[in-house]
Amino acid sequence: LLLNGPNLNLLGTREPAVYGATTLADVEARCRDTAQRLGFTLEALQSNHEGALIDALHAAGRRFQAGELAGVVFNPGAFTHTSVALFDAISGVKPMPVIEVHISNVHAREAFRHHSYVSPAAAGIVVGFGVDGYRLAIEGLAART
Ligand code: DQA
């Protein structure tokens with residue numbers, strides 16, 4: 001499952017100097033191809049709502065338990081830096097692996113982006129590779145399943 005959080009629906013037009021010119025639809029199509037190449041089927045969901053992301057993680061956790069899902073590649077957007085609830089949700093569906101992705105190098109940006117509530121619960125983190133980070137995360141997730 002490819003999960004994208006708030007404002008990532010604006011990819012392509014949102015601060016292109018930071019996030020690039022690729023749209024979310026293009027990212028999802030590329031991820032679908034990557035997953036297929038590795039023998040997986042990609043599902044994609046984007047939401048601007050914290051609760052919807054939590055619900056999606058819970059549903060993914062149930063499907064992981066049923067052996068129907070390999071894990072989640074997740075860009076939590078700004079909720080990365082604010083959400084204890086996302087940390088709890090990811091902790092609550094362990095051992096399902098969640099790979100945290102950030103398009104930009106958050107550590108080279110404003111101080112408020114340096115802390116992630118999600119990272120301590122993540123199985124792996126891909127930061128600063130642009131939208132190619134999603135491919136790297138899928139490959140990393142596939143390699144550990
Ligand atoms: C982001 C980084 C976050 O700090 C920011 O709020 C985003 C996108 C990234 O992909 O680089 O929305 O997660």
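Predicted model: local features only at pLDDT ≥ 70, side-chain atom pairs only at ≥ 80, totals over all residues.
The peptide bond that joins lysine 94 to proline 95 is cis, with omega at about 15°.

Now turn to a pair of helices. Helix 2 (residues 24-37) packs with helix 5 (residues 132-143) at an angle of about 25°, and their axes lie 10 Å apart. Because angles under 35 degrees count as roughly parallel, helix 2 and helix 5 are described as roughly parallel to each other. Their crossing is right-handed. Helix 2 brings Val27, Cys31, Thr34, Ala35 and Arg37 to the contact, while helix 5 brings Tyr134, Arg135, Ile138 and Glu139. Sorted by class, this contact has five nonpolar residues, one polar residue and three charged residues.

Finally, take a look at the loop between strand 1 (2-4) and helix 1 (16-19), where asparagine 7 sits. Asparagine 7 is not a glycine, yet its phi is positive, at about 75°. Its relative accessibility is 35%, so asparagine 7 counts as partly exposed. Glutamate 15 also has its place in the loop between strand 1 and helix 1. Here too phi is positive in a residue that is not a glycine, with a value of about 35° for glutamate 15. With a relative accessible area of 43%, glutamate 15 is partly exposed.

Methods:
Residues numbered from 1 in each chain as written. Heavy atoms only, no water. Axes fitted to C-alpha atoms, helices over the stretch in contact; angles between N-to-C directions. Helix = DSSP H or I, 4+ residues; strand = E, 2+ residues; numbered from the N terminus. Parallel < 35°, antiparallel > 145°, perpendicular 65-115°, else oblique. Left-handed = near helix turned anticlockwise from the far one by under 90°. Contact = heavy atoms within 4.5 Å. Nonpolar A, V, L, I, M, F, W, Y, C, P; charged D, E, K, R; others polar. Buried < 20%, exposed > 50% of the residue type's maximum accessible area, 1.4 Å probe, protein only.
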